[in-house]
Amino acid sequence: MRWRHAAFAGLISALTAIAAAAEEAGISVRDAWVRETPPGMAMTAGYMVLQNKTSRPQVFVAARSSGFETVMIHRTIAKEGMTGMEHAPQIELLPNASLLFAPGGYHLMLLNPKRVLRAGDRVDITLEFRGGLALPVAYEVRK
Amino acid sequence: MMTTVVLAAMLGGVWLAATYRENGSQAILLPDRVMTLFPDPKPLTAFAFTDHENRVFDLSRLKGKWSFLFFGYTHCPDICPTTLATLARAHESIAKSTAGAKDVQFVFISVDPNRDTAGKLGQYVTYFDTSFLGVTGDDAQLGKLAAQLGAAYQLAVTPGVENYPVYHTAAVFLVDPRARYHAVFAPPLDAEGISRRFEVLRELEGPKAT
């Protein structure tokens, strides 16, 4: 079993290093929140301001969380006078620019939460960028 | 004021915002982007839905009250909960107004009857506001009302796919107590913007609308 522990510890330190690299790289998040799930609903959305303080473009490619079955980058769009959602496979963040994830626009689509989310709870989601950078973010659940 | 209304109507979209003067019961409506007001409201014709308490929700249920209608579906993580939360806040402020909210109802019309059973709809809408109504119907009935309001929806139902895409008009429609399509609020919606304009409109219409 020892090697497994070692491998696990290795993995943890590697992840920590990657996370630290993202911070250092100057990608940060503020105002991170997730909408409380209405009763019986197995989905909700996450919002934030994603900031790229580096001098290079950064590409946001995925998000994952152990708190949900699936996390996807989505965007609410207008189509022929209607509103719908589409999957955004990747989003390029320009150098020294911020991108707003807000109701009616970009959001993290959070499917099948492992537990009921109530206002005041905390949800951890890791944002992944091209090149392997990962940024763990704590989201506050709000009504 | 009538000139403004007619002129704006002739220009294709009637945008009237509300500025309200407390004393002298003088209200003025000025063009704006939040609310489109129809100077000659069109009476709605028959349709039949079922509400979240399994009662018939038809044209007669729109009479005697101002109704805020919103098309959506419960498997909607972004725009629907955002709109319902906004409408709940608008309802709260209307309830605090002098005229109150006794003559007002909020109706969430699900365009996704496959997944939105009465039970689910009830749980969903009352989470936002205990007075909210959830209704739905088959495609033919939904189409009947949607067409009269200029609303559209589209379901990309895919067998085996749990979360199929749904498209729907995100505006909020206002039907007056005579069941006439009176105004529409365009997104992005804000509670204050809706309640203030509604209160002025209701004041202006007064007994005319009932």
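Me: Which residues does A:G105 touch, not counting residues up to four places away in sequence?

Reply: Contact means heavy atoms within 4.5 Å. By that rule A:G105 touches A:H74, A:R75, A:T76 and B:D78, with residues up to four places away in sequence left out. This is a predicted model, in which local features need pLDDT of at least 70 and side-chain atom pairs count only at pLDDT 80 or more, while totals for chains, interfaces and linings use all residues. Residues are numbered from 1 along each chain as its sequence is written, chains are lettered from A and ligands numbered from 1 in the order in which they are written, and side-chain values use heavy atoms, with hydrogens and water left out.

Me: Where does A:G105 lie, and is A:G105 buried or exposed?

Reply: Helices (H or I, at least four residues) and strands (E, at least two) are DSSP runs, numbered from the N terminus. A:G105 is in the loop between strand 7 (97-101) and strand 8 of chain A. Buried means under 20% relative accessible area, exposed over 50%, and partly exposed in between (1.4 Å probe, protein chains only). A:G105 has 17% relative accessibility and so counts as buried. A:I77 is 28 residues from A:G105 in sequence, and their C-alpha atoms are 7.0 Å apart.

Me: How many residues does each chain give to the contact, and what area is buried?

Reply: Chain A gives 28 residues and chain B gives 24 residues. Buried area is the accessible area (1.4 Å probe) that two parts lose on being put together, summed over both. Here it is about 2000 Å², with 61% from carbon and sulfur atoms. On the side of chain A that touches chain B, the elements giving two or more residues are strand 2 (43-52), strand 4 (68-79), strand 5 (82-87) and strand 8 (106-113) of chain A.

Me: How many salt bridges are counted between chain A and chain B?

Reply: A salt bridge is a side-chain nitrogen of Lys or Arg within 4 Å of a carboxyl oxygen of Asp or Glu. The count between chain A and chain B is zero.
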